[in-house]
Amino acid sequence: MGRHNGTTVTEFTLLGLSDLPKLQPFLFVLFLCIYLITLAGNALIISVIKADRQLHTPMYYFLGNFSLVDICLSSVTVPRLLAQIISGRKSISFVSCIAQLHFFILVATMEDLLLGVMAFDRYMAICNPLRYPVVMSKRLCALLVASCWIISSLHALIYSIMASRLPFCGSTIIHHFFCDIPPLLKLSCADTTTYELVIFTEGSLVVMSPCILIIVSYIYIISAILKVSSKEGRSKAFSTCFSHLMVVILFFGTDMFTYFRPSSSYSLNYDRVVSVMYTIVTPMLNSFIYSLRNSDVKRAIQRAISRTLQ
């Protein structure tokens, strides 16, 4: 439990996104619609990949897992936010706050790692097409996903333990709509230099490793694509990577902006807006990017609709 003037802190107050009463119905409807679209879009991708044998490949195995993680990422924050808006109750228990923090970091880290694995998969498919079926076996794909879950769980455990040991000697009002590390560091009355050092070192290692893997993979991928003589071949190769690259830019851009800077530079109001992007909006956009920009998924959806109508 956290400490508050020598006593145990039992709960925090989440300020949410806005205190304006007239704005609450609009925010509720907006985020409910986004959440339902996120659930439906990602569930559709998972169902189509599972049902269509032509999509039983490493690329779509990872995409199915990524869609599942998108559902989890949105579900960690949005249901409580909706309940808070409709009930007006802003308090959250200390244990619930740490639990939300733990599961949020777990699934957010899982997204980071999966994006790195998906980049490696595209590198193998484009740069080593002959070895691809042998290297990217079902066993290796399952092992990669399992490793991502293990690393994410350990990473989240470190952060949740750190957060649970922070002392709180003043206000217990969290200027955010969910429990996250930056606002908790801002709220703590202790010197958070050690905590920030852990975030910059261990956090950088976990988050930047897949980022570096993505950059290196795409250097080789672009180099290989530029060597393709036919325009049609280059276009097809680029199209298989475009969706992934869009998601990488969306997720890593907001992720790094939020976490990898000193707590003294945090702008809590601005950070809340950025957090909405990568916790609520991005999981919804991912389903559109991977369904509308991916010809294989679109054809699989069309085949599924045709079978249903028959």
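**Ground rules.** I note that this is a predicted model, in which local features need pLDDT of at least 70 and side-chain atom pairs count only at pLDDT 80 or more, while totals for chains, interfaces and linings use all residues. Residues are numbered from 1 along each chain as its sequence is written, and side-chain values use heavy atoms, with hydrogens and water left out.

I then looked at Leu23, which sits in the loop between strand 3 (11-14) and helix 1 (24-51); helices (H or I, at least four residues) and strands (E, at least two) are DSSP runs, numbered from the N terminus. Leu23 is partly exposed, at a relative accessible area of 32%, where buried means under 20%, exposed over 50%, and partly exposed in between (1.4 Å probe, protein chains only).

**Helix 3 against helix 5.** I found that helix 3 (residues 94-127) and helix 5 (residues 138-164) pack at an angle of about 145°, their axes 8 Å apart. Axes here are lines fitted to C-alpha atoms, for helices over the stretch in contact, and the angles run from 0 to 180 degrees between N-to-C directions. Helix 3 passes helix 5 in a right-handed crossing, and the residues of this contact divide into 18 nonpolar, seven polar and no charged. For that division, Ala, Val, Leu, Ile, Met, Phe, Trp, Tyr, Cys and Pro count as nonpolar, Asp, Glu, Lys and Arg as charged, and the others, Gly among them, as polar. For the handedness, a crossing is left-handed if the near helix is turned anticlockwise from the far one by less than a right angle, and right-handed if clockwise.

**Two residues of helix 3.** Val107 lies in helix 3 and counts as buried at 6% relative accessibility; I read 8.5 Å between the C-alpha atoms of Val107 and Trp149, which are 42 residues apart along the chain. Gly116 is also placed in helix 3 and is buried, with a relative accessible area of 1%, and its C-alpha is 6.5 Å from that of Cys211, 95 residues away in sequence.

**Salt bridges.** How many salt bridges does the structure hold? I count two, taking a salt bridge as a side-chain nitrogen of Lys or Arg within 4 Å of a carboxyl oxygen of Asp or Glu. One joins the side chains of Arg303 and Asp52 (2.7 Å, N to O). Because Arg303 lies in helix 10 (residues 295-309) and Asp52 in the loop between helix 1 and helix 2 (58-87), this pair ties together parts that are 251 residues apart in sequence. Arg303 is partly exposed at 25% relative accessibility, whereas Asp52 is buried at 6%. Asp121 and Arg122 also meet through their side chains in a salt bridge (3.0 Å, N to O), and both are buried.

**Around helix 2.** Thr57, in the loop between helix 1 and helix 2, is partly exposed with a relative accessible area of 31%. Gln84 is found in helix 2 and counts as buried at 8% relative accessibility.
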